[in-house]
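Welcome, and please open your viewer.

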Amino acid sequence: MKIFSRVMLALIFVFLVAMCVLEDWLATSALQTLQDDCTRIEALSLDLENLSDMQLSLAVDTLEYNWTNNESNLCYLVNHKSIQEVGMEIAKLKVYQAENDVKEFRASLEAVKFYSHSYRHFMGANLHNVI
Amino acid sequence: MLTIVLRAIIIYLVVLFLFRIMGKRQLGQMQPFELVLTLIIADLATIPMAEIGVPVLHGIIPLLTLVILHFILTLLSRFSTKFSMLISGKPVIVINPKGIDYQALKKLNITIDDVFEAMRGLGFFSLEQVEYAIMETNGKLSVLPKAEAAPVTNENLKLKVDPAVIPVSVVSEGKIMKDNLSEAEVSEDFIHAFLQKNVGKAKVKDVLVMTIDKNGLVYLQMKKGEKQIFENVRRAA
């Protein structure tokens, strides 16, 4: 085998390992951030009758900001269509907050939380994905 | 649309690069695992090309993984004959001096017609001409003809012949093949001088092909004109 091929193979191998580690790290951290943001919003909105609270608005904005950033990075590694529901659900969340619809707001938040759990099944390395 | 164009370019370059580092085997020379690899590569490459939602990396990562796997299999095949036989099979004698080995044909899942077809491709139209026929692991048939059907060679006729020489292409479609000049033992000046002497005003760009061998035989054909052969040309570099 030529030296060129050996070097290329070594580089390919390193690239593959790096991509696997990067994907796992990116997916885990993005979903963890999503879950943390949701938990924070849930805690803030627990006893609220009126959703126009300043802290809650900030928390929802943070959730949207974090997800938008993470989503654009995840799109390099994951099928964009598979993760677009979260963005849509966060947009709904903001609308329900503006309309002060507590019931729908909580339902939307639950949906985002659900996605943060269920996405772990197809992102990153695990036996379910392999099989 | 621009996205698809760019994706197609990226995937094409990656696949081209992969085939370059995998070697230069022809399709017909492929071992089974190499054929499988080629088929999968062709399929994988098209998915991210057309589907914008799928990241390009979803096409590239499996391609790179397959190349690594291919090299591991090749390496293992080189070190272990048993492993090589396991993934590539082993050559099977389908015709021997007793005749066609029908059991071997059944094992290989080929018909007598397939054997005849492969034999005809090699220039043997009768079973009488064949001593042995072996089905190679790459699916090609190798034939050992009977002594009376084998082509006569110079050795058989006890003829003394000059060693074979390979003509080297020094000009191709108006361009001097600089990499071949040292092999042909000529210089660019030689080519210009040769053309001036033999073709008059013609320049290198007017040459379709010019080859030269170590016996000094020059084959020259201009883009407009017929071939010319020059013998015993002195190759003063």
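A nonpolar core here is a set of buried Ala, Val, Leu, Ile, Met, Phe, Trp, Tyr and Cys residues joined through C-beta atoms within 7 Å. A residue is buried if 20 or more other C-beta atoms lie within 10 Å of its own, exposed if 12 or fewer, and partly exposed in between, with C-beta atoms placed from the backbone. This is a predicted model: local features need pLDDT of at least 70, side-chain atom pairs count only at pLDDT 80 or more, and totals for chains, interfaces and linings use all residues. Residues are numbered from 1 along each chain as its sequence is written, while chains are lettered from A and ligands numbered from 1 in the order in which they are written.

**Stop 1: the core of chain A**

Select A:L34, A:V86, A:L93 and A:V112, the residues with the most contacts inside the largest nonpolar core, which has 23 residues. Now colour α1, α2 (54–74), α3 and α4 (102–118) of chain A, each of which supplies at least two residues of this core. The biggest share, six residues, comes from α1(A). Helices (H or I, at least four residues) and strands (E, at least two) are DSSP runs, numbered from the N terminus.

Centre on A:V86 next: leaving out residues up to four places away in sequence, A:V86 touches A:L34, A:W67, A:V112 and A:Y115. Two residues are in contact if their C-beta atoms, placed from the backbone, lie within 7 Å.

Zoom out to the whole of chain A, where you will find five helices and zero strands. Of its 131 residues, 22% count as buried.

**Stop 2: where the chains meet**

**Stop 3: a helix pair in chain B**

Select residues 2–22 (α1) and 56–79 (α3) of chain B: their axes come within 11 Å and cross at roughly 5°. That makes α1(B) roughly parallel to α3(B), a term for angles under 35 degrees. Axes are lines fitted to C-alpha atoms, for helices over the stretch in contact, and angles run from 0 to 180 degrees between N-to-C directions. Show side chains including B:I10, B:V14 and B:L18 from α1(B), and B:I60, B:L63 and B:V67 from α3(B), which are part of this contact.

**Stop 4: two sheets in chain B**

Show the four-strand open sheet, ordered β2-β1-β3-β4 (chain B) with antiparallel pairing. Two strands pair if DSSP finds at least two bridges between them. At the edges stand β2 (99–100) and β4 (141–145) of chain B, each with a single partner strand, so one side of each has no neighbour in the sheet. Helix α6 (residues 112–121) of chain B packs on this sheet, touching β1, β2, β3 and β4 of chain B.

Finish at the open sheet of five strands, β6-β5-β7-β8-β9 (chain B), where pairing is antiparallel. Pick B:V171 and you will find B:I176 of β6(B) opposite.

Note on methods
Angles under 35 degrees count as roughly parallel, over 145 as roughly antiparallel, 65 to 115 as roughly perpendicular and the rest as oblique.
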